[in-house]
Amino acid sequence: MPQDLRARVLEQEELGGGCFRMRLDAAPIAREARAGQFVMIGLPDPAETLVRRPFSVARLVPDTGEPEALEIVYKVYGRRTRQMTRFRPGTEVALLGPLGRGFWIPGEAEGTEVLLVAGGIGAAPFPLFLQRAGKDLAGRTTLFLGGGTRDDLLLVDWFRERCGEVVLVTEDGSAGERGLVTGPLAARLDAPPRGERVVLACGPRPMLRAVAELCLARDVPCQLSLEERMACGFGACLGCVVERRHPEGEFDRYVRVCTEGPVFDAREVLP
Amino acid sequence: MSPIRMQVKVGRGLVLRNPVLTASGTFGYGLEFEPFCDLAALGGIVVKGISPRPRAGNPPPRLVETPCGMLNAIGLQNVGVERFRTEKLPLLREHGATVVVNVYGHEVADYVAVVRALEEETGIAAFELNLSCPNVKEGGLEIGRSPRAIREVTAAVREVTSRPLWVKLTPAVTDIVETAEAAVSGGADALSLINTFPGMVVDVETRRPVLHRGTGGLSGPAIRPLAVALVHRVARAVDVPVIGIGGITSVRDVVEFLLVGATAVQVGTANFHDPALAARLVRELDAWCEARGVADVRELVGALEENR
Ligand SMILES: Cc1cc2nc3c(=O)[nH]c(=O)nc-3n(C[C@H](O)[C@H](O)[C@H](O)COP(=O)(O)OP(=O)(O)OC[C@H]3O[C@@H](n4cnc5c(N)ncnc54)[C@H](O)[C@@H]3O)c2cc1C
Ligand SMILES: Cc1cc2nc3c(=O)[nH]c(=O)nc-3n(C[C@H](O)[C@H](O)[C@H](O)COP(=O)(O)O)c2cc1C
Ligand code: FES
């Protein structure tokens, strides 16, 4: 059940590449949050931030045990995210969450190999995935972390400590392999599988489209975390729709990212 | 219970328990807000516009935030009257909500069809005809800008329902008194003012409109002074109750609309930001009145003092 809280900003840190990490005093939301779910953030007075904005729950604090706070990781794009960088410890925000359907792991018990694919700020939901996964599953997880340049690769050291394998890819070659994240992903998908595999991806639309194509062509289960502009986050405004891949009828052409998603089976939607 | 009288009458003897409703399209079918808000505490819930058949709506992007406002081009995505009747309405009845059904069509026959399909149902307090949607190709503003068409649609629906009939007007006309009078002459029991203003935002880097459809409807605090002025004008010109809508986010905004002549108000876009807002405004209005010695909320309606 989502909760609508007043939460205090506990700390903020600039991560580089125009990205920030914000810690929020929101234990009730943190306890419920699953990887891939999100929160809507605004200031308490709707006249100040008329529509709240969605951000993935990135990480819980502390790292293990009962969560006391949550963190989001965000990239500065425009007016609102710039405003968010000015929130100081103690700033009160109106925080709604956890919202939406997160990632799910089919066949978790049978030693499934998980391939996480992140483009830039698309890494945001994956720390929570690893925290919730536990040691065994995290050890069977490979993260393909891609970006334009070295500064776009977020939380690399944190991921390296917790993830079976981390593969870095940059377009300019300043860290890891040069190229797009889909390059090493395709190579991995074409290598003989160790067991069941599942791909979880979050990043810009062109990346998601390419990842979906790679997986669909090889019949590898694939989940995509999608973004669309949102006003409410809980299914009421009908603003956040994406197109279904196979609509059943005229009326079913769209699904809501905030409610049916943000994580979809790649077979369900057209990213 | 507080001693303040909060009931208001909005056409055909319909008594609402208080003057704070939620606006169509900003409160889903009510049920989405159930975790946050006691639906029965509201003066009423105006549900998302219902058309004779389901509608898929417009392609995304459908939203963009603007200074103190928001543009939307949802395109009246809705489940259609049949699924509303069988799936949504029974649940709303269970919650004890006062339900107003917002009706949308392309032509006269569509409005009549929706109202006919629901006329026998219990648990509907009133119908609100949306003659003002800027986000669909047909109907919408074409009807909403023509006094003749407004009168025709209103009169046709009037024939098939004994329920209170509200007509929701667009601000995008030269003289809103003309369209308001047309609705009243067609048999409207109350007028809902206002729907959104047509607007546009361009991404100057890509040189494309941000909304897929190009234009959308502007809502939120940005339109509130415009809405207040229009309500002020219409409330003096017509004899039926006026319901004030546009940019409400606080109790002072509610009182502002009442003072210029609105009998009730609808909270819109702000519901998205704070799903408990409308129910809280009911309590805050009560407290506002109590603190100022206003015993009956109706004392505020039209109580504007003119500057000399
Ligand atoms: C489920 C979900 C999870 C997200 N998680 C993260 C995250 O963890 N970290 C992060 O940095 N960003 C995340 N985003 C994107 C983030 O919400 C936007 O970057 C932010 O709202 C931009 O606001 P702005 O005013 O700075 O930029 P703007 O100038 O408003 O726009 C920049 C871009 O942000 C997007 N955007 C604008 N308005 C909205 C809106 N109302 N709702 C959603 N997107 C919008 C659009 O794509 C737009 O092109 C997420 C989005 C969704 C839908
Ligand atoms: C997302 C959205 C959807 C809407 N859908 C409808 C609708 O279906 N029918 C209607 O009559 N008005 C609709 N409206 C208009 C609102 O009911 C209201 O008249 C308008 O938003 C102004 O009020 P506000 O500024 O408080 O939002 C919609 C508005 C928004 C923002
Ligand atoms: S954001 Fe409002 S329905 Fe999804």
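Is A:Leu238 buried or exposed, judged by the other C-beta atoms within 10 Å? A:Leu238 is buried, with 25 other C-beta atoms within 10 Å. A residue counts as buried if 20 or more other C-beta atoms lie within 10 Å of its own, as exposed if 12 or fewer do, and as partly exposed in between, with C-beta atoms placed from the backbone.

## Basis of the report

The structure is a predicted model, in which local features need pLDDT of at least 70 and side-chain atom pairs count only at pLDDT 80 or more, while totals for chains, interfaces and linings use all residues. Residues are numbered from 1 along each chain as its sequence is written, and chains are lettered from A and ligands numbered from 1 in the order in which they are written.

## Overall form of chain B

Chain B contains nine helices and 16 strands. Its radius of gyration is 18 Å, close to the 19 Å that the globule rule gives for 308 residues, so chain B is as compact as a globular protein of that length. The radius is taken over C-alpha atoms, and the globule rule is 2.2 Å times the number of residues to the power 0.38. Helices (H or I, at least four residues) and strands (E, at least two) are DSSP runs, numbered from the N terminus.

The C-alpha trace of chain B spans about 55 × 50 × 40 Å along its principal axes. Of the 308 residues of this chain, 57% count as buried. Among contacts in chain B between residues at least 6 apart in sequence, 72% join residues at least 24 apart. Two residues are in contact if their C-beta atoms, placed from the backbone, lie within 7 Å.

## A seven-stranded sheet in chain A

Chain A has an open sheet of seven strands with antiparallel pairing, in the order β4-β3-β7-β1-β2-β6-β5. Its edge strands are β4 and β5 (59–61), each of which pairs on one side only. From one strand to the next, the twist averages 40°; axes are lines fitted to C-alpha atoms, for helices over the stretch in contact, and angles run from 0 to 180 degrees between N-to-C directions. Two strands pair if DSSP finds at least two bridges between them.

Strand β7 (residues 92–99) of chain A has seven of its eight residues buried, so the strand is largely enclosed by the rest of the structure. Strand β1 (residues 3–16) of chain A pairs with β7(A) in the antiparallel sense over six bridges, and here A:Arg8 stands opposite A:Glu92. Strand β3 (residues 38–42) of chain A also pairs with β7(A) in the antiparallel sense, over four bridges. In β7(A), A:Leu96 stands opposite A:Met40, and A:Ala94 stands opposite A:Gly42.

## A helix in chain B

In helix α7 (residues 251–259) of chain B, the buried residues include B:Asp253, B:Val254 and B:Phe257. The buried residues of α7(B) pack against β3 (20–22), α6 (224–237), β15 (242–245), β16 (262–267) and α9 (277–291) of chain B. After α7(B) comes B:Gly261, whose phi is positive, near 125°.

## The interface and the ligands

In the interface, 26 residues of chain A are in contact with 33 residues of chain B. The side of chain A that touches chain B has 17 nonpolar, three polar and six charged residues. Ala, Val, Leu, Ile, Met, Phe, Trp, Tyr, Cys and Pro count as nonpolar, Asp, Glu, Lys and Arg as charged, and the others, Gly among them, as polar.

Ligand 1 lies between chains A and B. Of the 24 residues around ligand 1, those that come nearest include A:Tyr74, A:Gly78 and A:Arg80; a residue is near a molecule or strand if its C-beta atom, placed from the backbone, lies within 6 Å of it. The shell around ligand 1 has 13 nonpolar, three polar and eight charged residues. Residues from chains A and B surround ligand 2, so this site is shared between chains. Its shell has eight nonpolar, 15 polar and two charged residues.

A cis peptide bond, with omega about -5°, joins B:Pro60 and B:Pro61. B:Pro61 lies in the loop between β4 (44–46) and β5 (63–66) of chain B. The peptide bond from B:Leu193 to B:Ile194 is also cis.

A:Leu238 is not a glycine, yet has a positive phi of about 65°. This residue is found in the loop between β13 (222–225) and β14 (241–243) of chain A. B:Arg207, likewise not a glycine, has a positive phi of about 60°. B:Arg207 is exposed, with 7 other C-beta atoms within 10 Å.
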